[in-house]
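Thanks for coming, everyone. Let me put the structure up, and then we'll walk through two parts of it.

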Amino acid sequence: MRLGRTLTRRFFARDVTVVAPDLIGRVLVSTTEQGPVAVRLTEVEAYAGPLDPASHAYRRTARSEIMYGRAGHLYVYFVYGMHWCANLVTGPDGTASAVLLRAGEVVDGLPLAWARRPGARRERDLARGPAGLAAVLGLTGPDTGLDVCDPAGRLLVRAGDGHPVTVAAGPRVGVSTAADVPWRFVETGNPTVSAYRRGTRATRGSVGTVG
DNA sequence: CGTCCGATACACT
DNA sequence: GTGTATCGGACGC
């Protein structure tokens, strides 16, 4: 597929609720010594910094400090004792907001993607769910701080092929607070979108259409 | 398809 | 000490 231009810091510096749906259909390109892997995004979530109880930046700590920095930087965190999840810092400087990269379809580097996901059964599962997506791209904790706006960096975000994308919004997955806000954005009907799982204290919300 | 549940280690209180 | 922005397997429909 056509990858399009590399997205600039200006793209990421907009409000997180604008950036998040605009990331659907964009292509993440990871390049390591092992080779390239490219993933077209189909599912993301917005986390709105200190105003958002579900955000790691709700409190300013050592871990969340990266989110208080410039847009366009990577934040990778460790959860449940075994998984890594990747975020892109967005918004004007200091807003500490970020977009969690939840799912996508592998569009280049399939053999390497399979090697990084030995347990996967089907191709559509390779980057389905935030932990699988981070694994396919080879992203772990030490990658926190990567600047995706540096053309020489190991992770870039490209505009994609320009085909129109239908985006739906609904409640975020797995969060136990602020479960009512519709800040999960998915490509309608795409099979790589992960299953909805409500948080322990969350109640299910409705799904509407955006864009 | 859906629900239930354990694994596992770290950040934070 | 407590809770977690998850996953995959087991099971039932």
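Start at the DNA. A polar backbone atom of Tyr 80 sits 2.3 Å from a base oxygen of DNA strand B. That is a polar contact, meaning a pair of N or O atoms within 3.5 Å. Now the ground rules. This is a predicted model, where local features need pLDDT of at least 70, side-chain atom pairs count only at pLDDT 80 or more, and totals for chains, interfaces and linings use all residues. Residues are numbered from 1 along each chain as its sequence is written, chains are lettered from A and ligands numbered from 1 in the order in which they are written, and side-chain values use heavy atoms, with hydrogens and water left out.

Back to Arg 63. One of its backbone N or O atoms lies 3.5 Å from a phosphate oxygen of DNA strand B. Which residues surround DNA strand B? They are Arg 59, Thr 61, Arg 63, Phe 78, Tyr 80, Gly 81, Met 82 and Arg 197.

Next, strand S2, residues 35-47. Strands here are DSSP runs (E, at least two residues), numbered from the N terminus. Two strands pair if DSSP finds at least two bridges between them. S2 runs antiparallel to S1, residues 27-32, with six bridges. A hairpin of two residues links S1 to S2. Leu 28 faces Val 39 in S2. With S5, residues 97-108, S2 pairs antiparallel over nine bridges. There, Leu 41 stands opposite Gly 104.

Definitions and conventions: Near = heavy atom within 4 Å. Polar contact = N/O pair within 3.5 Å; in protein donor to acceptor, adjacent residues only side chain to side chain. Buried < 20%, exposed > 50% of the residue type's maximum accessible area, 1.4 Å probe, protein only. Helix = DSSP H or I, 4+ residues; strand = E, 2+ residues; numbered from the N terminus.
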